[in-house]
Amino acid sequence: MGKTDKMIRIILAIVLVSLDFFRVVDSPYAWILTLLGIVLAGSTLISFCPLYTIFGINTNKSDNS
């Protein structure tokens, strides 16, 4: 996972969690935004995205594999 990809994921995670936390999205399913934000943040912290593996995507320029 590349640096740009990680930065986008962290920003998106913060936005998604904030939408639920500050009740910008006031719906019974707003907790899904928090869950998605946590998944994005978690995949960033471990630098692994299962969907990238399935689809053969590599955003890390320094990785030659």
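Ile10 sits in helix H1 of this predicted model, where helices (H or I, at least four residues) and strands (E, at least two) are DSSP runs, numbered from the N terminus. With a relative accessible area of 31%, Ile10 counts as partly exposed. Here buried means under 20% relative accessible area, exposed means over 50%, and partly exposed lies in between, with a 1.4 Å probe and protein chains only. From Ile10 to Asn60 there are 50 residues along the sequence and 16 Å in space, C-alpha to C-alpha.

A few words on how to read the values. Residues are numbered from 1 along each chain as its sequence is written, and side-chain values use heavy atoms, with hydrogens and water left out. Because the model is predicted, local features need pLDDT of at least 70 and side-chain atom pairs count only at pLDDT 80 or more, while totals for chains, interfaces and linings use all residues.

## Salt bridges

The whole structure holds 2 salt bridges, a salt bridge being a side-chain nitrogen of Lys or Arg within 4 Å of a carboxyl oxygen of Asp or Glu. In one of them, Asp5 and Arg9 meet through their side chains, at 3.2 Å from N to O. Asp5 and Arg9 are 4 residues apart in helix H1 (residues 3–21), so about one helical turn separates them. Both Asp5 and Arg9 are buried.

Arg23 and Asp20 also form a salt bridge, and their closest N and O atoms are 3.1 Å apart.

Most residues other than glycine have a negative phi. Arg23 is not a glycine, yet its phi is positive, at about 60 degrees. Ser47 also has a positive phi without being a glycine, at about 55 degrees. Ser47 lies in the loop between H2 and helix H3 (50–55) and is partly exposed, with 32% relative accessibility.

## The surface around H2

Next comes a nonpolar patch on the surface, formed by Tyr29, Trp31, Ile32, Leu35 and Val39, which together have about 550 Å² of accessible area. Such patches are made of residues with over 30% relative accessible area and no salt bridge; like charges are joined within 9 Å, and nonpolar side chains (Val, Leu, Ile, Met, Phe, Trp, Tyr) within 5 Å. The areas come from the Shrake-Rupley method with a 1.4 Å probe, and for residues only the protein chains shown count as cover.

Tyr29 is in the loop between H1 and H2, while Trp31 is in helix H2. Tyr29 and Val17 lie 12 residues apart in sequence and 13 Å apart in space, C-alpha to C-alpha. Ile38 has its place in helix H2 (residues 31–45), and its C-alpha is 23 Å from that of Gly56, 18 residues away along the chain. Ile46 is in the loop between H2 and H3; Ile46 and Met1 are 45 residues apart along the chain, with 9.5 Å between their C-alpha atoms.

| Residue | Relative accessible area | Class |
|---|---|---|
| Tyr29 | 57% | exposed |
| Trp31 | 48% | partly exposed |
| Ile38 | 52% | exposed |
| Ile46 | 61% | exposed |

## The largest pocket

Finally, the largest pocket contains about 160 Å³ of space. Of the 11 residues that line the largest pocket, Met1, Ser47, Tyr52, Ile57 and Asn58 are the closest to its centre. On a 1 Å grid over the protein atoms alone, a pocket is an open set of points where a 1.4 Å probe fits, with protein on both sides within 12 Å along at least five of seven lines, and lining residues have an atom within 4 Å of a point. Grid points are joined across faces, edges and corners, and the volume is the space filled by probe spheres set on the points.

By class, the lining of the largest pocket has 5 nonpolar, 5 polar and 1 charged residues. In this scheme Ala, Val, Leu, Ile, Met, Phe, Trp, Tyr, Cys and Pro count as nonpolar, Asp, Glu, Lys and Arg as charged, and the others, Gly among them, as polar.
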